[in-house]
Amino acid sequence: MSDPGESPGGPARGVLQRSTMGGRSYFVFVLVFFHMCIMNGIAQLYENHNNGGEDPDPRSHQGAPDSLQQPPLGPKKPPLGPKKPPLGPKKPPLGPKKPPLRPQKPALGPREPETVREFFLPRIDGVKVGHVQKLSLVPDKVHEMRTLSLKPLLFEIPGFLSDAECGVVMQLAQLKGLVESQLMVQEGQEELAEELDLSPDEIFSLLDISQDGQLQLSEILTHSRVREGIWLTPESLREIYAGIHADKDHNGLLSLEEFRQLSSDAFQRFLLQRGVESSQLVRNSHHTWLEQGPGAHPVLQSVKQRVVHLTQLPDPLVDLSEPLQVVRYQQGGHYHAHHDSGPVYPETACTHTRPAANASSPFETSCRYITVLFYLNSVEGGGETAFPVADNGTYEEVSLIQNDVDLLDTRRNCERSNLRVKPTRGTALFWYNYLSDGKGWVGEQDQYSLHGGCVVTRGTKWVANKWINIDPDYQRQVRYQQLVSQSAQDHKDQEGLVSSQDMHDAHQDL
């Protein structure tokens, strides 16, 4: 459990002003700039220096349970309030064919004519920080769930797993085999950059959040971490400037003229020459994925069912989400502050429902509505889970880096986070990565869910993550479940045909 001194009553919260020119409004450009300036080199560099196994795609393991004949998203019971008649069909937006240079506020609602929703997502009320609720997750035992913060809506459940269950999960992970965690740039960014065809002046304008004609270190760093690989600090960025002779007047700023003189592969060539250490990566850990469906170890199935009771979500949503991820952080291991899921723009598709999108989207995100994190052991030193801006008054990405103090840097500044939770064996953390849309479904990304793993100073840290994937587009989520259900039925029918043919062949042989 967390130390009371590290809970929301601990360190004083700073004021972070939210701007309409923040990182969300630069989402489209970020992918392009980081590819052009940095990530080409990082991807090659990481491959040259780290020859570990590839990160398996957890979504390749998804499947529908045999009993899933229809795509219900929730139990068949009346909604909490009276159903309102639909307001009539709405025409889909006639947006531009290409992503706009300055994307407007993300549209998280349905992109099709709205229909009356049959299913709603329950959402637990945190009440207030410190509030304790009683839970019945397993027979003959009562768990207590304490509210740790309201922004994000975050809970702590001690004793969610027994010591024996923690041991089983760690043993299964070791038997499966852990691979080095890798965060690589997505393929296809070069084609996307060519399609957008941005000039240096357009790139500069998009980066220049303050619009003062100078690129500050914080403005560069805010965007350079969206596509994670190497962790850039103000110091390392100054080193790059000096190495490629970018900052001619040595004032720590890049003018438009200085920016124009940079070649697109200048950062790449410098990083290839300098090299990179594991401590400089965004994430320094090893992990694996464990299936929790039919045929899985009883402990894994029991943990999944407990998650169903905890989140109050219907079984199909949990069944069709990602497998259980088990992560090991050895001494020095860390994970810089990040969001488990990204914002959803009109040009963005959710990874798990992309087959049901019926459209080609240039961007993709994981759409992890809920995170449930389990501590599988108590850590000797460090390894806290930090929420830098939990319950802060306001939020803006650029304000996270001030006077060379980077709140996202969990190796240096974990103690500055508003909330830190100490790893305790068997304890679970549970939080929402999205707000509610006010209609019983997924709303906008909760930016306060920013979190990271503080560096492990002594011993080893073991955790497991269970993510619940839900598409903010209600219609697309329904179509996805229909497709999965139909695929499962087709598979069963095919197995039946094969079995009948085998019997026929055997009869002919007789």
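These legends accompany close-up views of one predicted model. Local features need pLDDT of at least 70 and side-chain atom pairs count only at pLDDT 80 or more, while totals for chains, interfaces and linings use all residues. Residues are numbered from 1 along each chain as its sequence is written, and side-chain values use heavy atoms, with hydrogens and water left out.

**View 1. The whole protein in numbers.** The secondary structure comes to 11 helices and 24 strands. Helices (H or I, at least four residues) and strands (E, at least two) are DSSP runs, numbered from the N terminus. Of the 510 residues, 53% are buried; buried means under 20% relative accessible area, exposed over 50%, partly exposed in between (1.4 Å probe, protein chains only). The accessible surface is about 23,400 Å², and carbon and sulfur atoms hold 51% of that surface. Areas come from the Shrake-Rupley method with a 1.4 Å probe; for residues, only the protein chains shown count as cover. Among contacts (heavy atoms within 4.5 Å) with a separation of 6 or more, 81% join residues 24 or more positions apart.

**View 2. The nine-stranded sheet.** The sheet is open, with antiparallel pairing and the order β1-β2-β3-β19-β13-β24-β9-β8-β4. β1 (132-138) and β4 (179-180) are the edge strands; each has a single partner, so one side of each lacks a neighbour in the sheet. Two strands pair if DSSP finds at least two bridges between them. β1 and β2 (141-150) share 5 antiparallel bridges, and L135 has H143 in β2 as its bridge partner.

**View 3. Strand β13 and its two partners.** All 8 of the 8 residues of β13 (368-375) are buried, so the strand is largely enclosed by the rest of the structure. Antiparallel pairing with β24 (461-469) runs over 7 bridges. Here V372 stands opposite K466, and L373 stands opposite N465. Pairing with β19 (428-432) is also antiparallel, over 5 bridges. F374 faces A428 there, as its opposite residue in β19.

**View 4. Strand β24, covered on both faces.** Of the 9 residues in β24, 9 are buried. One side carries K461, V463, N465, W467 and N469; the other carries W462, A464, K466 and I468. β9 joins β24 through 5 antiparallel bridges, with Q325 and N465 as bridge partners.

View 5. D473 sits between β24 and α11 (474-509). Its relative accessibility is 7%, so D473 counts as buried. A polar atom of the D473 side chain lies 3.1 Å from the backbone nitrogen of Q475. A polar contact is a pair of N or O atoms within 3.5 Å; within protein, one must be able to donate a hydrogen and the other to accept it, and residues adjacent in sequence count only if both atoms are side-chain atoms.

**View 6. Nonpolar cores.** A nonpolar core is a set of buried Ala, Val, Leu, Ile, Met, Phe, Trp, Tyr and Cys residues joined through side-chain atoms within 4.5 Å. The largest has 49 residues; F160, L310, V326, F374, L376, F430 and I470 touch the most other members. Helix α9 (298-311) gives the most to this core, with 6 residues. A second, separate core of 26 residues includes L408, L419, L429 and V463. Leaving aside residues up to four places away in sequence, L376 touches residues including C166, M170, V326, R425 and W462.
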